[in-house]
Amino acid sequence: MCGIAGLFLKTRALEPHLGALTSVMLSELTARGPDSAGFAVYGAAMPGHVKYTLRAEGGAETLALFPKLGLSAIERDDHLVVSVPLAHEAAFAAALAGHHEIAVVSKGERIELFKGVGLPDDVAARFGLATMSGTHAIAHTRMATESAVTTAGAHPFSTGLDQCLVHNGSLSNHNDLRRKLVREGLSFETQNDTEVAAGFLTHQLQTGARLDEALRAALGTLDGFYTFVVGTESGFGVLRDPIACKPAVMAETDDYVAFGSEYRALAALPGIEGAHLFEPEPAKVYFWERAA
């Protein structure tokens with residue numbers, strides 16, 4: 001079943017409220033996914049740095065495992081957002097490779113990604129979603145139907161720089177596609193079909209495709225039922241499979257574009273009464289990009 005929420009802001013005035021608005025949207029989708037939840041927020045970049053979101057029980061103590069590399073970090077429950085100077089990234093990555101107990105949840109200039117087991121309200125509170133700011137966010141509530149309820153299996157999945165994907169549905173050819181992508185140099189942390197979809201888009205983007213082009217390529221490659229919401233450093237995309245049996249509704253105003261598995265996820269957004277409401281069409285790519 002699962003629930004998806006996404007919010008892409010067109011105006012800077014709403015950026016301080018991104019986390020609070022996303023938190024309400026996530027909460028409204030609890031009934032669609034009470035097992036686990038997660039979200040990605042695209043916030044401010046730190047010039048000359050790359051952000052790593054790590055999951056480790058040691059929290060801030062995790063940094064003691066690494067050489068003195070001028071690292072700064074923000075601890076949020078069992079996740080740690082580490083800002084790594086570009087000059088030291090190779091050394092940091094090499095040190096990180098020796099600590100298999102530390103999971104890299106996301107990496108990029110702007111993305112911060114958090115997920116955990118439990119009710120969506122509890123997960124959002126643990127990580128302080130309501131206090132976060134940024135330009136766009138993607139969130140997911142999971143009802144596990146084909147795999148165990150674990151933090152690693154929660155959405156979003158990030159397989160490329162500043163990229164993440166959430167999914168409602170089920171892919172039938174993910175095992176075969178996973179093997180092909182591994183031969184292309186990608187690696188996967190789980191057996192989840194959603195991670196394979198994220199990896200497919202990563203491969204497309206790495207070979208020079210834009211996000212909208214990568215999503216169109218997915219239509220000819222991925223078999224199954226799916227609704228995807230995807231984030232990149234500057235973009236926000238939506239795609240439903242040609243049958244489109246999974247529910248979806250969108251709203252667009254001069255201030256934002258919003259996605260929800262159900263309208264109730266959008267109902268509290270400012271100006272929703274004047275928004276253009278629509279159901280995204282099957283097999284049609286929807287894509288928005290922020291100005292530089």
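Q: Within what distance must ring centres lie to pair, and how many aromatic pairs are there?
A: Rings of Phe, Tyr and Trp (its six-membered ring) pair if their centres lie within 6.5 Å; planes under 30 degrees apart count as stacked, over 60 as edge-to-face and the rest as tilted. The model is predicted, so local features need pLDDT of at least 70 and side-chain atom pairs pLDDT 80 or more, while totals for chains, interfaces and linings use all residues. Residues are numbered from 1 along each chain as its sequence is written, and side-chain values use heavy atoms, with hydrogens and water left out. By this ring rule, the number of aromatic pairs is nine.

Q: Why is the pair of Phe-39 and Phe-114 classed as it is?
A: The ring centres of Phe-39 and Phe-114 are 5.6 Å apart. Their planes stand at 40 degrees, so the class is tilted.

Q: How many residues apart in sequence are the parts that Phe-39 and Phe-114 tie together?
A: Helices (H or I, at least four residues) and strands (E, at least two) are DSSP runs, numbered from the N terminus. Phe-39 belongs to strand β2 (residues 36-42) and Phe-114 to strand β7 (residues 111-117). The pair therefore ties together parts whose separation in sequence is 75 residues.

Q: Are Phe-39 and Phe-114 buried or exposed?
A: Buried means under 20% relative accessible area, exposed over 50%, and partly exposed in between (1.4 Å probe, protein chains only). Under this rule, Phe-39 and Phe-114 are both buried.

Q: How many bridges join β2 to β7?
A: Two strands pair if DSSP finds at least two bridges between them. β2 and β7 run antiparallel, and Phe-39 has Phe-114 as its bridge partner in β7. Six of the seven residues of β7 are buried, so this strand is largely enclosed by the rest of the structure. The number of bridges joining β2 to β7 is seven.

Q: Over the ring of which residue does the charged end of Lys-115 sit?
A: A charge sits over a ring if NZ of Lys or CZ of Arg is within 6 Å of the ring centre and within 35 degrees of the ring normal. The charged end of Lys-115 is 4.3 Å from the centre of such a ring. The ring belongs to Phe-157.

Q: Which strand supplies the largest share of the lining of the largest pocket?
A: On a 1 Å grid over the protein atoms alone, a pocket is an open set of points where a 1.4 Å probe fits, with protein on both sides within 12 Å along at least five of seven lines; lining residues have an atom within 4 Å of a point. The largest pocket is lined by 30 residues, and among those nearest its centre are Val-104 and Glu-189. β3, α2, β6 (103-108), β9 (157-160) and α5 (193-206) each supply at least two lining residues. The largest share, five residues, comes from β6.

Q: What separates the C-alpha atoms of Leu-181 and Phe-200?
A: Leu-181 lies in helix α4 (residues 174-183) and is buried, with a relative accessible area of 3%. Phe-200 is 19 residues from Leu-181 along the chain. The separation of their C-alpha atoms is 7.1 Å.
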